[in-house]
Amino acid sequence: MKHLIPFSPFINLIRILYKYGLPEKKQWRLLVPLLFKTVLLEPFRWVEAVYVHVRNLVSKQESPVAPIFVLGFYRSGTTWLQDLLSCDPQFKTPTLFQVIYPEINLFFGKVLKPISQFFSKKMKVVNPYHRVSLDWDFPSEDDVAINSLFYMCDFNRIFQYPNHADRLLKEHFTDADEITLKEWKKAHRYFVQKLGRKDRHKRWVFKSPPNTGRIQLLKSMYPDAKFIFLKRDPMACIHSNKRLWKLNKDAYSLVAYDEAMLEEVIIKKYKVMHEHYLNERHLLTKEELVEVSYDRLLANPEQVLEQIYSQLGIEDNEVVRTNREVLISSKSDYKTLKHDYSEELQEKVNRALSPIMEKLQTI
């Protein structure tokens, strides 16, 4: 019902600024796109919110067909795996447009998305996070949608306010707040409801790194869900995350931060999410969970996909395999970045993550 309150995203933006603090001097410009979304798009958002509410009253929407959750820390190959799975027409993944503009993707996306796609291609815009041409149909994360909808229960707020990392990790994971989790469940279901109105009979593949620590929560919401966990060497993962955070610093964060804070937050997130994963993976059977490595996915994606389909009991066919081969071939010249590993950071990681790394090695 909160969706039906006029200007509720703008109200939540004010609450977020009150809770976490006003932007620092150099970051005030980042409020411009936030105000655009919460004020100028409000009439369109409200129309869609009313539509979804009325449709739910008239015909109760069925639960999504056994969704698949791709788990794994940021920069561990989850996007590549999600992209590979999207080659299968039985699957559907949230797109970049749907998670950036979740409030208007049902009706108004039919106009806004083609326009956005046209200008992105015309201007040869690059997606800096994945180093590919910006494509509004590119697979993306459900947590980004929750952030875009300005929910107070959003964990991705950590990228805007890394100085509140401890608070956010506590509320969502280490000492989970029941109110926060309840609101997050409602937010996720609402986003899935909107997706389902467009592709009702598809099997959704969701990829969002915080889900790595939410197995129990997600199973309570989607009892038939399947899971795929990707593990990557912590040092490689953390160095790649440093690049991610540096990109976010000028484009997204409302507070400034130095490299020391950046490393501390990344290590804490890695530790907390993997601790929860390791503590909750026993809740899943072999038919519900597949665990694979980043290195193996890069070296032999076809073999990994065969394992996933077989273990999760998903039907494969020649058309899907051909689609995957075309995608894999198109990405054959993609080069992974090389990172210089500092001894100081290696020592930090070893001190903080040694027990976790030992357990992950057994997977």
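**View 1. Salt bridge between Arg 157 and Asp 154.** The side chains of Arg 157 and Asp 154 form a salt bridge with an N to O distance of 3.4 Å, where a salt bridge is a side-chain nitrogen of Lys or Arg within 4 Å of a carboxyl oxygen of Asp or Glu. The model is predicted: local features need pLDDT of at least 70, side-chain atom pairs count only at pLDDT 80 or more, and totals for chains, interfaces and linings use all residues. Residues are numbered from 1 along each chain as its sequence is written, and side-chain values use heavy atoms, with hydrogens and water left out. Arg 157 is buried, at 2% relative accessibility, and Asp 154 is buried as well, with a relative accessible area of 0%. Here buried means under 20% relative accessible area, exposed over 50%, and partly exposed in between (1.4 Å probe, protein chains only). Side chains of opposite charge can pair when their charged atoms come close.

**View 2. Salt bridge between Lys 242 and Glu 259.** The side chains of Lys 242 and Glu 259 meet in a salt bridge at 2.5 Å, N to O. This pair links distant parts of the chain, 17 residues apart: Lys 242 belongs to helix α12 (residues 234-251) and Glu 259 to helix α13 (residues 259-280). Helices (H or I, at least four residues) and strands (E, at least two) are DSSP runs, numbered from the N terminus. Lys 242 counts as buried at 8% relative accessibility, whereas Glu 259 is partly exposed, with a relative accessible area of 39%.

View 3. Lys 268 and Glu 264 form a salt bridge in which the closest N and O atoms are 3.0 Å apart. Both residues lie in helix α13, four residues apart, about one turn of the helix. Lys 268 is partly exposed at 26% relative accessibility, and Glu 264 is partly exposed at 43%.

**View 4. Network of salt bridges.** Glu 302, Asp 316, Glu 318, Arg 321 and Arg 324 are linked in a network of salt bridges. In the whole model, the count comes to 20 salt bridges.

**View 5. Surroundings of Val 47.** Val 47 is found in helix α3 (residues 42-58) and is partly exposed, at 37% relative accessibility. Not counting residues up to four places away in sequence, Val 47 touches Phe 107 and Phe 108, a contact being heavy atoms within 4.5 Å. The C-alpha atoms of Val 47 and Glu 103 are separated by 9.5 Å, although these residues are 56 residues apart along the chain.

**Context for the close-up views: the whole protein.** The protein has 17 helices and seven strands. Its radius of gyration is 20 Å, close to the 21 Å that the globule rule gives for 363 residues, so the protein is as compact as a globular protein of that length. The radius is taken over C-alpha atoms, and the globule rule is 2.2 Å times the number of residues to the power 0.38. Along its principal axes, the C-alpha trace spans about 50 × 50 × 45 Å. Buried residues make up 52% of the 363 residues. Of the contacts between residues at least 6 apart in sequence, 81% join residues at least 24 apart.
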